[in-house]
Every structure is written in C-alpha cells, then in structure tokens.
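Good morning. I have one structure to show today, and I will keep it short.

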Amino acid sequence: MHDIYTNNVIVRLAQISEDIIRLFKKSKEIGIQMHEELVKVTNELYTVMKTYHMYHTESISAETKLKDAEKQEEKQFSKSGDLNVNLLRHEDRQPRRSSARKIEKMKEKRQAKYSENKLKCTKARNDYLLNLAATNAVVAKYYIHDVSDMIDCCDLGYHASLARTFRTYLSAEYNLETSRHEGLDIIENAVDNLDSRSDKHKIMDMHNQVFCPPMRFEYLPHMGDEVCQVSAQQPVQTDLLMRYHQLQSRLATLKIENEEVRKTLDATMQTLQDMLTVEDFDVSDAFQHSRSTESIKSVASESYMTKLNVAKRRSNQQETETFYFSVSLCRPVCFLMTVGSL
C-alpha cells in the first residue's frame, strides 16, 4: 500500500496539479487576448455610435436651418404677392430683388449643407448598424462559446485524471479489504479447528521417545536366589498375607477418595473451562453508527470486558487454578506414602 500510494497515487495527484496550473496559465493568456479584442470591438462601436450621433445632430441642425430659410423665402414671396409690383418705385425694386437673391442663395447653401450632412448621417448610421451587429455577434460568441471553450481548456483532462487516480486508490483499498477478508477467513478456520486433545496427541506422537512408557523393571535376583511360593517360610508368608489384606483395605479407601478427588477435579476443570470459554468477544455494539460517542462509552462501560470485571475474573481464575493443581498433586503423593508406610 505504501508503494502504491507513494509511487502511483501521490505522483498522479502531483501531475494533475502541475497540468492544472499549466493549462490555467495558457487559458488565462488566451482569455486576456479575447477580452482585449472584445474591449477593442466595443470601443470601436462606441466611436462609431458617437460619430453617428454627431452627424445626426448636425443633420437635424442643417434641416432646421433649411426650414428657416424656406420660411423666409415663403415670407418674401408672400410680401411680394401682396404689393403691386407696378406701384413700386424704381428705387424700391432693386433692394427687394437683392434680398430675394440673398435668401435664395442662403437656401441653396443650406440645402447643400443639409444634403451633405444627411449623406454623412446615413453613412454613419450604416456603419453604426454594421458595427452593432458585428459587436453583438462577437459578444454573443464570447459568452456563449469562448468562455465555455476556455473553461474546457482550463480543466482539460482534469476529471478523467482525477477519476483514474481515485479508482487506483479504490482498487488498492478494495484489494486490501479482500486480502484482509481472506486472512480473516484463514484465522477463523484455524480458530474453528483449535482442539487441545488433538494437539496433545500430535505433540506426543511427534516426541514419542519422550512420552512412551519405558520398559518394565525386571527382577534381578542374587546368584542362585529364586522367588518361590513353596520355599517361602511360614512367618514370611503370614506377614505377606497380612500386608496383602491391609493393602486391599487401604486401596479400597483410596479408590473412594480418588473418586471424590476426581469429581472435584472434574468440577474444577469444568469451572475453568467455563471461565476460559465465556463468549466475551462480540464488540459489535462499539460499531453502531447510530450511537453517539457518549452512548458507545456507556455501552463499553457496561460490557463484560470492563477493567473491574476483568480483574475479578482473573482473580477467580487464578484461585481456581491454584485449587485444581493442589488437589491434582495430592493424589499420587498420598498413594505412594500409603504404600511406603505399609
């Protein structure tokens, strides 16, 4: 797991970080260029719009002046129609003709100015409309396509690389979990197959030279000395019979005592077995996700494996063991002492 994390997962994360920084810098440069172009286009649109508004204002002003000239001309014609030309004196005709010519020239001048301004305004309006359409298209392209493309370039391959990295992590963890389960199954199988009697027989079979009974001791008589019931002297025979009856009586008593000791040993052994085989291994309560930390502590404090209960159990177990070994060691000693005394 250390090798996988160090040489694979961490390396991939470092590469992802490096790629993201590099792509971000490049995308930022492109984004700055696009933004500068967008600002340039909008500035051009603003300039064209100002030009159009200026020419439009000049055109309106020229149109107003032209209308004023037309009104003056109409007034001049109306005054001329009201007066009888024949009644005018010769000296009055010349100023009126001069005034009419001035008004007509002013009208022609203003008409030319108006036409010129009107043409400029039309051209400026056309330029403004074309720039407006182009600018709207550029802005729409920037926000609808360019921004999205820049984001795609900025995180190019990020999600795929991150997914591959974490799938590597998940694969390692799942395989580790599988390995743990296999190991737990092996341990559980070994625990289920634990058998003290079978292990004892295996040990004794493996070291049979130690645990096999030795050869029986044979009688080694002195030269020419043989044991014979007929040759036994009468006092010896009487003494032997008396000792035989005493041994029979004592053995009967010892048999009863041994049975009582055996029952005591069996009961003590069963008590020890109960102490050693108590089912105190279930700790599932500590892994209840719905419980709070305090409730888990309370469950643990009330469980069988508390310090007080463990200490008490250990004390009882040691006392029972001491009692078992004391009783077990007394049996053969008592028997041998009895035989020796007889």
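What you see is a predicted model. The chain has eight helices and zero strands, so the pattern along the sequence is simply α-α-α-α-α-α-α-α. There are 342 residues, and buried ones make up 11% of them. The accessible surface is about 28,000 Å². Carbon and sulfur atoms hold 58% of that area. As for contacts, take those with a separation of 6 or more: 85% of them link residues 24 or more positions apart.

Now to helix α3, which runs over residues 158–192. What span should its 35 residues have? At 1.5 Å a residue we expect 51 Å, and the C-alpha atoms at its ends lie 50 Å apart, so the two values agree. The buried residues of α3 are T165, T168 and A172.

An α-helix has 3.6 residues a turn, so residues three or four places apart point the same way.

Next, the surface. Which residues form the nonpolar patch there? They are L13, F166, Y169, L170 and Y174, with about 480 Å² of accessible area together. Helix α3 gives the most to this patch, with four residues.

One of the patch residues is Y169, and its place is in helix α3.

How values were computed
Residues numbered from 1 in each chain as written. Predicted model: local features only at pLDDT ≥ 70, side-chain atom pairs only at ≥ 80, totals over all residues. Heavy atoms only, no water. Helix = DSSP H or I, 4+ residues; strand = E, 2+ residues; numbered from the N terminus. Expected span 1.5 Å × (residues − 1). Buried < 20%, exposed > 50% of the residue type's maximum accessible area, 1.4 Å probe, protein only. Contact = heavy atoms within 4.5 Å. Areas by Shrake-Rupley, 256 points an atom, 1.4 Å probe, with all protein chains shown as cover. Patch = residues over 30% accessible without salt bridge, like charges linked within 9 Å, V, L, I, M, F, W, Y side chains within 5 Å. Salt bridge = Lys/Arg side-chain N within 4 Å of Asp/Glu carboxyl O.
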